[in-house]
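Let us read this chain together, feature by feature, with each general idea set out before its case.

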Amino acid sequence: MELLVFILASAMVLAGGLGVVLRSNPVHAALSLVLTLFGVAVHFVALEAHFLAAVQIIVYAGAIVVLFLFVIMLLGVDKSEDLSIEPFPIQRPVAIVIGAAVAGLVIAAVVRARDTIAETDTPLAADGDSNIQLLARNLFSDHVFAFEFTSILLIVAVAGTVVLTRKDKRKVEQ
């Protein structure tokens with residue numbers, strides 16, 4: 001049964017992720033993101049991390065995606081646009097470099113964390129309250145920099161989306 005749940009949740013995550021990347025309509029991409037977030041929540045439930053599953057649904061699938069949809073609708077970019085026109089000619093090479101750097105960081109983090117995960121006891125074996133306390137302690141003490149950096153990254157992503165989708169007034173008037 002656990003294997004079936006894992007396979008179905010993983011299929012949800014992969015299908016939603018592909019939908020986010022491949023859909024040309026931003027509203028459909030945001031809805032695909034909801035599918036991905038629900039799949040991750042199912043993984044949390046399968047790991048008996050019910051608090052994280054609830055936070056995943058309430059905060060990410062609820063608030064963040066609704067915010068994304070609000071920004072998409074507010075800016076009026078809910079229609080497919082011609083992607084062959086690049087507003088910034090250098091954006092593709094910079095995106096490739098940043099993507100390669102992020103992939104390198106993720107690979108380095110996985111390689112480095114592989115040894116530490118095997119050495120430590122799993123916090124999932126404890127009761128539910130201690131799991132939440134461990135999460136809070138990790139987020140606000142050991143990983144506070146990563147937590148704050150993630151919030152800044154989300155703000156930059158929203159601001160970048162606004163800048164990239166802003167229409168040039170000269171082109172609109174013509």
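Predicted model: local features only at pLDDT ≥ 70, side-chain atom pairs only at ≥ 80, totals over all residues.

Q: Is Glu 48 buried or exposed?
A: Burial is read from relative accessible area, with buried meaning under 20%, exposed over 50% and partly exposed in between, for a 1.4 Å probe and protein chains only. Glu 48 counts as exposed because its relative accessibility is 58%.

Q: How many helices and strands does the chain have, and what share of its residues is buried?
A: The secondary structure comes to seven helices and zero strands, and the order from the N terminus on is α-α-α-α-α-α-α. Of the 174 residues in the chain, 15% are buried. Accessible areas come from the Shrake-Rupley method with a 1.4 Å probe, and for residues only the protein chains shown count as cover. The chain exposes about 13,200 Å², of which carbon and sulfur atoms supply 72%.

Q: Which residues make up the largest nonpolar core?
A: In soluble globular proteins, nonpolar side chains tend to be buried together. A nonpolar core is here a set of buried Ala, Val, Leu, Ile, Met, Phe, Trp, Tyr and Cys residues joined through side-chain atoms within 4.5 Å. The largest such core has eight residues in all, namely Val 27, Ala 30, Val 34, Leu 37, Ala 61, Val 65, Leu 69 and Ile 72. Two or more of these residues are given by each of α2 (26-46) and α3 (50-75).

Q: What does Gln 56 touch, and what does Tyr 60 touch?
A: A contact means heavy atoms within 4.5 Å, and residues up to four places away in sequence are not counted for either residue. Gln 56, placed in helix α3, counts as buried because its relative accessibility is 8%, and it touches Leu 37, Val 40, Ala 41, Phe 44 and Ala 61. Tyr 60 also lies in helix α3, but is partly exposed, with a relative accessible area of 36%. Tyr 60 touches Leu 37, Val 55 and Val 65, and its C-alpha is 7.1 Å from that of Leu 37, 23 residues apart in sequence.

Q: What does the side chain of Thr 36 reach?
A: A polar contact is a pair of N or O atoms within 3.5 Å; within protein, one must be able to donate a hydrogen and the other to accept it, and residues adjacent in sequence count only if both atoms are side-chain atoms. Thr 36, in helix α2, has a side chain that reaches the backbone nitrogen of Gly 17 at 2.9 Å. Thr 36 is buried, with a relative accessible area of 13%, and, not counting residues up to four places away in sequence, touches Met 12, Val 13, Gly 16 and Gly 17.

Q: How far apart in space are Leu 52 and Asn 131?
A: Sequence separation and C-alpha distance can be read side by side. Leu 52 and Asn 131 are 79 residues apart in sequence and 9.7 Å apart in space, C-alpha to C-alpha. Leu 52 lies in helix α3 and counts as partly exposed at 28% relative accessibility. Beyond residues up to four places away in sequence, Leu 52 touches Phe 44 and Leu 135.

How values were computed
Residues numbered from 1 in each chain as written. Heavy atoms only, no water. Helix = DSSP H or I, 4+ residues; strand = E, 2+ residues; numbered from the N terminus.
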